[in-house]
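Visitor: I have a model on screen and want to learn how to read it. Where do we begin?

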Amino acid sequence: MPTRDPHSYSDLAQGRILHIELRIAADFAARALRIHADYHLDRPMIGPLDLDSRGLEILQVQAGGRPVRFEQGETDPVLGERLRLPDLRGHDRFSVDLMTSAHASALQWLEPRHTLAGRHPFLYSQCEPLHARSIFPCQDTPGVRFTYDAHLTVPRGLTAVMAAEPRGHRRLGPDVSFSFRMPQPIPSYLFALAVGELKFRPLGPRTGVYAEPPLLEAAAWEFAENEAKLAAAESLFGPYRWDRYDLLVMPPSFPINGMENPRLTFVTPLVVLGDRSRTVLVSHELAHAWTGNLVTNATWDDLWLNEGWTTYADTRITELVEGPEIAGLFDLLLLDVLREDVRAFGADSPHTCLKTALAGIDPDEVFSRVPYMKGMLFVLSLERAVGRVPFDAFVRRYIDDFAFQSLSTEEFVAYLRRELPIAAAQVDLERWLYQPGLPARLPDLHSCLYDEVSRAALSYPEHGLPASAILSGWHPSQTMLYLRLLPPSIPVSDCERLDVELAFATTRHTHPLFEFLRLAIRSGYAQVMPTVERFVETVGNEYQLRRVFRCLAETDWSRAAARPLFERVRHRHHPITETLVDRTLTELGV
């Protein structure tokens, strides 16, 4: 595994963090965390130790009970600041006292009016890929794993949760201190905390869900199948090694669909729809317990080892739980999204390679479905080369051999050639991993649910839109796919019919709504603007928001509205989302 990560100041040849003991106090008035952190290293330190930080106020560093000198470097827009400890005097332990910035990129502080219940504030973190360094100094690279203990103190009336084992709580005057233990080693991007008015509902012996009280019953129904999904995943990939699999339903501003924090997946509330049509998201985040959390990419240049493998694994889970037709529909839909992302980058762009070279580039800036779906298609090609039964045996060995470790693309290739030489010989590894664009021949994907929608899209505009009964009878992902397969713009009258018949002004299904908004904007359907405004105010998904605002800014009739609308809603969104949408509009001259 490499000792240097282009997205980290850490030099792993200096040594590694093994364990951190954290005492964290959440100051909602200052929008800051006050932290005392005790670090345990894998060796006594001779020479400097370099850590990652971003916007942290370092108050004191001690080793052996005495203050030690520290140096904070200049701010790099991608990496933040290097925190250098020049001399720990041979100690393998040290402590840091610090305070986070009110603008920490990993943290969002919500006022009560921004929560579902509206009674208490809410705090949550999102550390992937480079944001843990804005909470505490660390070797902020997926190549380093550590365990931790934490005591998180919050105002009374609030509940604190972490992606760790709860160890009880106790009152401290006007506050409450919640204790946690994370016995399995994790990379820093999987560190996670949240504080708010939360309640818990068990779903099974090893599964449960946290949510704000008004949403708890609906969330418990939506995710009632989680225990069965966990058993299905174990039947494919081996024992679940994280003890529990709970969910936390986040506020709407959560910038992604889900985050696979071990023991406690964070999920968007937009998946709580009352029909379980989007619980495939849980299949993906659960699959990360094996592919990603357990076997981890060494750097963000190797992200496909996380997301490509997980997309393959979630397809296998979905096949077992929901059937091959639904699994195939989701895969074909994601393939269409992949093709859009490849077109957006350009087929020759290095960002369409599986093994990337992102030195100097913020991974958030070039996020796409390339590592997900191109990675999945590569893994599927390996399976098809040898057959499912031998490949499943390989997958089990791979997970066991690299459990709680990180590896690079090159290390995976060496392992593949040793353990599955037939697949390594039959699949063009160079083309899949290191060349841009998509190979000419992709593995076949099938779903009659896809075929039905594809036929309807191919018959447009000659035969018009499908009958109302057909439109209303489709699975939401079929609707989403149909909207994607239509021409880039259509007559305003057809936009109006889709808007009315699919009730986009009031729908809770934000994925097809997202596709309709882009189609309607490109088509000049000005009546859609109230729905656009509702969407950008209430949907926190960064991927979707950036693309809706890009569409507004690139279309003549709506261009002037893009910046004022964003300025009106930006305070409702996560710092990551706010930064990326702002940058997108600025690049477009808006």
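**Reading the core, a helix pair and a loop**

Guide: We begin with one residue in this predicted model. Phe223 touches Leu203, Val209, Leu247, Val249, Val267, Val271, Val272, Thr279 and Val282, leaving aside residues up to four places away in sequence.

Visitor: How many residues does the largest nonpolar core have?

Guide: First the general idea. Nonpolar side chains tend to be buried together in soluble globular proteins. Here the largest nonpolar core has 196 residues. Phe223 is among those with the most contacts inside it, along with Phe94, Tyr148, Trp309 and Phe412. Helix 5, residues 324–345, gives the most to this core: 10 residues.

Visitor: At what angle do helix 5 and helix 13 cross?

Guide: A packed pair is described by the angle and the distance between the two axes. The axes of helix 5 and helix 13 (residues 476–485) come within 10 Å and cross at roughly 30 degrees. Angles under 35 degrees count as roughly parallel, so helix 5 is roughly parallel to helix 13. The crossing of the two is left-handed.

Visitor: Which residues of helix 5 and helix 13 meet?

Guide: Helix 5 brings Leu329, Phe330, Leu333, Asp336, Val337 and Glu340. Helix 13 brings Ser477, Gln478, Met480, Leu481, Arg484 and Leu485. By class, this contact of helix 5 with helix 13 has 7 nonpolar, 2 polar and 3 charged residues.

Visitor: Now a loop. Why does Arg89 count as partly exposed?

Guide: Arg89 counts as partly exposed because its relative accessibility is 34%. Arg89 sits in the loop between strand 7 (81–85) and strand 8 (93–99). Its contacts include Met45, Ala63 and Arg66.

Technical notes
Residues are numbered from 1 along each chain as its sequence is written. This is a predicted model: local features need pLDDT of at least 70, side-chain atom pairs count only at pLDDT 80 or more; totals for chains, interfaces and linings use all residues. Side-chain values use heavy atoms; hydrogens and water are left out. A nonpolar core is a set of buried Ala, Val, Leu, Ile, Met, Phe, Trp, Tyr and Cys residues joined through side-chain atoms within 4.5 Å. Buried means under 20% relative accessible area, exposed over 50%, partly exposed in between (1.4 Å probe, protein chains only). Helices (H or I, at least four residues) and strands (E, at least two) are DSSP runs, numbered from the N terminus. Contact means heavy atoms within 4.5 Å. Axes are lines fitted to C-alpha atoms, for helices over the stretch in contact, and angles run from 0 to 180 degrees between N-to-C directions. Angles under 35 degrees count as roughly parallel, over 145 as roughly antiparallel, 65 to 115 as roughly perpendicular and the rest as oblique. A crossing is left-handed if the near helix is turned anticlockwise from the far one by less than a right angle, and right-handed if clockwise. Ala, Val, Leu, Ile, Met, Phe, Trp, Tyr, Cys and Pro count as nonpolar, Asp, Glu, Lys and Arg as charged, and the others, Gly among them, as polar.
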